[in-house]
Amino acid sequence: MDYMISAPVATLPYQILAYYPFWNGYLRFSKRRTFSVLFLMFLFKCACFYFLAPEIVPARLLDFLFGLIHLTVFLYLVRLHLGVVLFVYFFLLAYLGLNRGIASFLQAQFVDLTDAGVYGCANGLLHLAVVAATVPFLLKLFKQTCHEIVDTKEEYIISHFWIIPALTLVTSFVYSIRMTPEMARSLPFLLSRLFLFLGTLVEYMLLIRLLQAARRQALLEAETKNNRLLADMHKEQYALLLKRIEETRRARHDLRQHLVLIQRYLEDGDKDALREYIRIYGQSIPEPADMFLYCGNYAVDTIMRFYLTQAKDEGIQVEVSLPLPKQLPIPESDVCVLLGNLLENALSACRRLEPSQNRYIRVHGLFTPPYALSFTVDNSFYPQSQIPRSSDVQDYDHPGLGLGLSSVRATAARFGGTARFERMDTEFRASVLLFGKGEI
């Protein structure tokens, strides 16, 4: 019974922690289905330890085999770069090793270790107590840093950084492969586990620093790209303005000629000819062009026309709801950059689909007085079954989405808001909340 309870229960928290960074938008299946798979694995592990350990299969070997099973399932369920998944998995295994070492050390100080050793019920309860005491720190660390890892575009860094925690685990495993009560009771044993984990933790923090530096560089590139976009739009609007001025000048010149002819008809009293001329002239006046006025703000209308006109021309369905005021609580340049990144990503994703498929872009915005501004952009996306195993959200607008997401997230953070991205089976959803300042 010791074996059936201790090992599965002691490893259950790490299963949950392993999926925590990827819970929103990075799982192959829905959250409910993923949880069902994890629960079935937990029951299966309990049954194996009850029937097989230790008479048929040594408990340590069985634990090692389940570690490989958990890794295989983890790699399948999380749809991110292989290096990202391996790094998080090995980091948590190092954390597991530390907690199990602390539990064994404490148990050895007060009672004799049983034959079950680290798989005894008492050790399992101590293990859970250590986890309960240390997991708030880990959750806080993950909450602050996980987005740096899962959204990174620095493939070389993330492809190789997982090797160090893996080597740490191998060292720990070799050192304790034949652990005895005397070893568990010794202070060097505890210190070795502690320093091995601290080394992995330092590596984790160094990785975050490297990724943050790379992210800052990416943001600078994104800002340059956005400035070019704004310059192109201003150039387009300037050309359109010059065209309108020229058309107005020609219209005024032509109007003078029409007025001269109308005056002649009036002087001659030829009302029938005048009536026919006015009828023909009225038919020659072109209908006003559809300017696609999406809201009351000129800058937002400009950015929307720039992208959605392309979408409509390519047969992509467009749905827009933007009940925004003429004056926004957020600087127009920031709003344009944010919407530009979201619309560019959406348009790029739709272009990857066949014209015969259901291609759409839905844009919704809302102003909540006095200062809150929110946007959602949903678009059709690759069916998940068509996405290669190595793909992730950063590949969705290859090669530019990583910069776009970083820019959107940075803009939201600068205005005290949030940015959330979710990839469903056939849809990508982006939602952003911003808070402005000052009177509207």
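**Exercise 1.** Which side chains meet in a salt bridge at 3.0 Å, N to O?

Solution. The pair is Asp272 and Arg275. A salt bridge here is a side-chain nitrogen of Lys or Arg within 4 Å of a carboxyl oxygen of Asp or Glu. Both residues lie in helix α10 (residues 271-284), 3 residues apart, about one turn of the helix. Asp272 is exposed, and so is Arg275; exposed means over 50% relative accessible area, buried under 20%, partly exposed in between (1.4 Å probe, protein chains only).

The model is predicted: local features need pLDDT of at least 70, side-chain atom pairs count only at pLDDT 80 or more, and totals for chains, interfaces and linings use all residues. Residues are numbered from 1 along each chain as its sequence is written, and side-chain values use heavy atoms, with hydrogens and water left out.

**Exercise 2.** Find the salt-bridge partner of Glu276.

Solution. Take Arg279: the closest N and O atoms are 2.4 Å apart. Next, check the spacing. Glu276 and Arg279 are 3 residues apart in helix α10, so about one helical turn separates them. Glu276 is partly exposed at 36% relative accessibility. Arg279 is partly exposed too, at 41%.

**Exercise 3.** Name the residues linked in a network of salt bridges.

Solution. They are Glu319, Arg362, Glu427 and Arg429. Searching the whole structure gives 10 salt bridges.

**Exercise 4.** Locate the cis peptide bond.

Solution. Look between Pro369 and Pro370, where omega is about 5°. Pro370 sits in the loop between β2 (360-368) and β3 (372-380). Strands are DSSP runs of E, at least two residues; helices are runs of H or I, at least four; both are numbered from the N terminus.
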